[in-house]
Amino acid sequence: MDNVGTYASLSGQELATQWTIMAAPGSSKTPGQNVCSGDQIRLQNYQDESYLALFSSNPPGDSGYPVATTTTLNDDTIAAAWYVLISSQNKRNDPNLSDTNDIYLVATFGTLAGALDTNGVGAGGFKYSVTGARLLNRDGGSGSWQVVKIRN
């Protein structure tokens, strides 16, 4: 398990911060098919192939549930799948994810959930720590993310 966070800029951190969007188990999505708002995905780290996960084995602290990377995918206290919720100004009612959308990522475990959120000063070179917050976008932008398509 490695801690995750956000950097002030991507300079020199490109490989460590690249995540590949993968279909979650049980999904009907095939590789290359559009991700839509409401789809469940996994985020796999480009560098070490671990997954972004929310850890729910302990009650949440003030900042929410811990978020880190994992390769363990068969533990009920580790949620490595996230629902994508698009917040879009799109007037065409298009649910497809694009790199212009702001998105929220929500992991569920049992009857509870946590939203991926920046929270507090980071450690280990991160500008901010990342947690599974109990509030969606609790700090006016702290839980909003954007996809950037990397061209190979």
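1. Let's start with Glu-49, which counts as exposed because its relative accessible area is 53% and the cut-off for exposed is over 50%. Keep in mind as you read that this is a predicted model. Glu-49 sits in the loop that links S3 and S4. Its backbone deserves a look too: phi of Glu-49 is near 65°, so you have a positive value here in a residue other than glycine.

2. Now for Asp-39, found in the loop between strand S2 (19-23) and strand S3 (40-45). Is Asp-39 buried or exposed? Asp-39 counts as buried, because its relative accessibility is 17% and buried means under 20%.

3. What does Asp-39 touch? Setting aside neighbours within four places in sequence, Asp-39 is in contact with Lys-29, Asn-34, Trp-82, Tyr-83 and Val-84. Its side chain also has a polar atom 2.7 Å from the backbone nitrogen of Cys-36.

4. On to strand S5 (residues 65-70), which is mostly covered, with 5 of its 6 residues buried. Which strands does S5 pair with? One of them is strand S4 (residues 51-55), joined to S5 by 4 bridges, and the two run antiparallel. If you want a pair to find on screen, Leu-52 has Thr-69 in S5 as its bridge partner.

5. S5 also pairs with strand S10 (residues 128-133), again antiparallel, through 2 bridges. Here you can look for Pro-66, whose bridge partner in S10 is Thr-131.

Key: Residues numbered from 1 in each chain as written. Predicted model: local features only at pLDDT ≥ 70, side-chain atom pairs only at ≥ 80, totals over all residues. Heavy atoms only, no water. Buried < 20%, exposed > 50% of the residue type's maximum accessible area, 1.4 Å probe, protein only. Pairing = 2+ DSSP bridges. Polar contact = N/O pair within 3.5 Å; in protein donor to acceptor, adjacent residues only side chain to side chain. Contact = heavy atoms within 4.5 Å.
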